[in-house]
Amino acid sequence: MTLRQQQTNNSFWHQTATPAAAVQALQGDITADVTIIGAGITGLRAALELAQQNINVVVLDSHEPGWGASGRTGGQVNPLAHATPDAIIKQLGPVYGPRMLESYVNSGDETFALIDQHQLQCDPVQNGWLRGAHCPSAISELESMYRGWSELGLKISFVEGEKLHQLTGSSAYNTATLVESGGCIQPLSYSRELARVAEEKGADIYGRSAVTAVKAQGDQWQVHTAAGSVTSQWVLFCTNGYTDNTLKGLQKTIVPLISVQAVTRPLSDEEYASILPQGHTLADTRRVIYYSRKDNRNRLLFGSLGMAEHANNADRKRLQRGLQKTFPQLSPDDIESYWGGRLAFTPEVLPHLHEPAPGILAGLGYNGRGVAMGTVMGRILAERVTGARPEDLPIPTTAFKSFPFHRFHKLGVQSAIKYFELRDNLDVKFF
Ligand SMILES: Cc1cc2nc3c(=O)[nH]c(=O)nc-3n(C[C@H](O)[C@H](O)[C@H](O)COP(=O)(O)OP(=O)(O)OC[C@H]3O[C@@H](n4cnc5c(N)ncnc54)[C@H](O)[C@@H]3O)c2cc1C
């Protein structure tokens, strides 16, 4: 299925987002210093950083700002990688390992500081992120994450028993870690507000401008859309789970995974106050994760992994089961709508930075934690453009490496979800 056939972004976030500025499609041939492909969190953060430094930047998106995962995401600001610091240092070595860890540790604060600095109207709440153990045997994973990340200075602690039930409004978990710098935002508003401020600083943003080719032209690059082109020295690919074949080889470096979301009807004041009463976000240790948060107004959002971008029946059933297991005070009838989107999974479960040719950069692969790390990556891409050397960046610049068996990823992901969901259920029963 092509990207064009999967156009709908029917996320609930449209109902409460700050209004979108009108975007035009690119018409005619123009020039810039930098062309950014993808108007999500990554591309827009990069655009903002560059425009602030008076660099002439053009952003192109096949749809509009926030159309991709950035406007559909759960909007949780989760400042932690999926592995322990030891494992990451082993993967990346003594130079880039510690730098990557530092980027993660600071990613939550960096995101909220950016929101504060530019007064982005996106309902930010930084009250902490709870990660619950879905079964007793998962507590050891939380313990090793706690040990490693707290040694780096991340403010992380354990919350247990009655206190945890109180903070979640749920008795589904008896043990959780709490990362204080975590929180949540209205993600479509965040994307639109990044676009607004980037434009105020001078960036030009075009929607309905799918990039079809990038061709070398002397020592510059010409980026083509159906009705125009941009010629620039730098081209930044910020396309994450929606990466297509425009840049040969990039698509195969990641596997697009589907994440799906459900939102409830408006809750009564009493219901709203009893669930996550202090505004924490909640995720768990399941392989097929359950994650939830309130919208900072009057609803609860509940998410998991899925199989179809429109959230098919199996996905909806999984979300309903999850909601009932986690918040039995609510029922499937309380769900008002469903949607989904694509995120990018990498073999190392760490983000990728590529520079396959002089002037071409790509930053992607946040493995479901791109609200904070996409914000960080956008800044890093801008640093490279403004003169930082690859060897001084916090994330290693690597060559494209195809995901093993990439051709079969759809089948593989669907089978894996069924298999891992079964294992999660067995964990809860027996471990
Ligand atoms: C349902 C869901 C829930 C999630 N929940 C969370 C969460 O709670 N916390 C978290 O941290 N992360 C979460 N994620 C992941 C997070 O949303 C992403 O990692 C992040 O938004 C990626 O941002 P991005 O800007 O890199 O890419 P995207 O926002 O996906 O933007 C990519 C853009 O590239 C454009 N594009 C692609 N190809 C072209 C082309 N050829 N020409 C022009 N434009 C092109 C697309 O139109 C798209 O707008 C979730 C993802 C999904 C789908």
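**The open sheet and its surroundings**

Author: Strand β19 is joined to strand β20, residues 360-364, by 4 bridges, and the two strands run antiparallel. Within this pair, the residue opposite His352 is Leu364 in β20. The model in which these features are described is a predicted one.

The pair belongs to a wider arrangement. An open sheet is formed by 6 strands, whose order is β9-β3-β2-β13-β20-β19, with mixed pairing. Its edges are β9, residues 204-206, and β19, residues 352-357, each of which pairs on one side only. On average, neighbouring strands of the sheet are turned by 20° against each other, direction ignored.

Helices accompany these strands. Helix α1 packs on the sheet and touches β2 (34-37), β3 (57-60), β13 (234-237) and β20. The direction of α1 makes about 165° with that of β3. Helix α8 lies across β2, β13, β19 and β20, and runs at about 165° to β20.

In total, 45 residues surround the ligand, and the closest are Gly40, Gly68, Gly74, Gly341 and Gly370. Two domains take part: domain 1 (10-73 + 188-246 + 348-400) and domain 2 (129-180 + 256-345 + 411-430) each give at least three residues to the shell around the ligand.

Asp123 lies in the loop between α2 (85-117) and β5 (129-132). Its phi is positive, about 50°, although Asp123 is not a glycine. Asp123 counts as partly exposed because it has 19 C-beta neighbours inside 10 Å, whereas a buried residue would need 20 or more. Asn296 lies in the loop between β16 (291-294) and β17 (300-306). Asn296 likewise is not a glycine, yet has a positive phi of about 70°. With 17 C-beta neighbours inside 10 Å, Asn296 therefore counts as partly exposed.

Conventions
Residues numbered from 1 in each chain as written. Predicted model: local features only at pLDDT ≥ 70, side-chain atom pairs only at ≥ 80, totals over all residues. Near = placed C-beta within 6 Å. Domains from an automatic or database assignment. Pairing = 2+ DSSP bridges. Axes fitted to C-alpha atoms, helices over the stretch in contact; angles between N-to-C directions. Contact = placed C-beta atoms within 7 Å. Buried ≥ 20, exposed ≤ 12 C-beta atoms within 10 Å, placed from the backbone.
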